[in-house]
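Thanks for making time this morning. I would like to walk through a few local details with you, so please keep the structure in view while I talk.

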Amino acid sequence: MARSRSARRAEGAFVIDGPGLVGDALDAGVVLESIFVEASALGRRDIEDLVDRAAATGAGVWELAPGALARLTDVVHPPGVAAIAASTSSGVDRATSTSSMLVLAGVSDPGNAGTLLRTADAAGFSSVVFCAGAVDPSNPKCVRASAGAIFRIAVVIRDDPAEVLDELGALGYRRIATQVDAARPYDEADLTGPVAIVLGSEAHGLPGGMASLVDEAVTIPMVGSSESLNVAMAGSIICFEALRQRRAV
C-alpha cells in the first residue's frame with residue numbers, strides 16, 4: 001500500500017510511519033484504522049503511549065516481529081511504529097471568503113508537494129488542491145515532507161484543474177499563477193483577499209490552456225544567473241508574502 005498509488009486509492013487508506021507523524025495524526029483527530037508496532041519497540045514509553053492513544057480511539061493494534069514493518073512502509077529502517085488512516089478529500093467549497101489556498105497543477109515531486117503543504121499550513125492557507133498531474137498527497141514521501149501539516153490542512157483531490165479554477169473564480173477567489181516571464185513582481189500584487197496561488201510543473205509550468213484561466217501572473221525577481229526557483233521555494237515565497245500582506249492590513 002505504501003508504495004502503490006493505485007493500492008492506496010483502492011483501499012481508501014494510506015500509511016503513516018514513525019512516532020512523530022503518528023502522534024501528529026492523533027493530535028489532529030485523524031481516525032486511525034490500525035496501528036502496527038514492532039515487538040522490539042514496545043519498551044519505549046513514547047511508542048507505548050501512541051499505541052494506547054490509538055487503541056482508545058478504536059484502532060486495531062498489531063504487534064509485529066522485528067523487521068516486519070519494512071514490508072508495510074517504504075522506509076528501509078522503519079522507526080518501530082506505523083499506522084493506517086483513511087484517505088480524505090475536502091471540496092473547494094469548504095474554503096471561506098477570507099481564506100486562501102494553493103492549487104497544484106503538475107507538482108509531481110512528493111518532496112516539493114509535502115513542503116508546500118507544510119508552508120501552506122504555516123502561512124495560514126485553508127486548503128491545498130491536488131489536480132491531475134500532481135503527486136498523490138498520500139504518497140509516503142509527501143506525507144513525511146509535510147511534517148504533519150497534511151493532517152491539519154484541508155486536502156482536495158481533483159482531476160481537471162480548469163474546473164477547479166472556474167469554481168474558485170465563481171467563489172470569488174483571485175487566481176494568481178507564478179510565471180518566470182510575468183511582468184509584475186509578486187510583492188506588487190494584492191494578496192490580501194481570498195486568493196488561489198496556482199503552481200505548475202517545475203519543468204514545464206502550467207498545463208496548456210491554464211494561463212488564460214488565471215486572473216494574474218506574477219514573477220519572483222532574481223539577480224543571479226539561475227533561470228528559476230524550485231517550485232516549493234517559489235510557492236513558499238508567495239505564501240509568506242500573502243501572510244505578510246494580511247498581517248499589515
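Let me begin with a question: which residue caps the N-terminal end of α4? Bearing in mind that this is a predicted model, the residue is D109, a side-chain oxygen of which lies 3.0 Å from the backbone nitrogen of G111.

Staying with α4, the helix runs over residues 110–122, and because its 13 residues at 1.5 Å a residue should span 18 Å, the 18 Å between its end C-alpha atoms agrees with expectation. The buried residues of the helix are P110, N112, A113, G114, L116, L117, T119 and A120, and what covers them includes the strands β5, β6, β7 and β10 as well as the helices α5 and α7. After α4 comes G124, whose phi is positive, near 85°.

With a relative accessible area of 9%, S138 counts as buried, and its side chain makes a polar contact with the side chain of D136 at 2.8 Å.

Finally, I turn to E38, which has its place in strand β2, residues 32–38, and is buried, with a relative accessible area of 8%. Its side chain reaches the backbone nitrogen of A68 at 3.3 Å, while a polar atom of that side chain lies 3.1 Å from the backbone nitrogen of L69. Leaving aside neighbours within four places in sequence, the contacts of E38 take in L64, A65, P66, G67, A68 and L69, together with G80.

Terms used
Residues numbered from 1 in each chain as written. Predicted model: local features only at pLDDT ≥ 70, side-chain atom pairs only at ≥ 80, totals over all residues. Heavy atoms only, no water. Buried < 20%, exposed > 50% of the residue type's maximum accessible area, 1.4 Å probe, protein only. Polar contact = N/O pair within 3.5 Å; in protein donor to acceptor, adjacent residues only side chain to side chain. Helix = DSSP H or I, 4+ residues; strand = E, 2+ residues; numbered from the N terminus. Contact = heavy atoms within 4.5 Å. Expected span 1.5 Å × (residues − 1).
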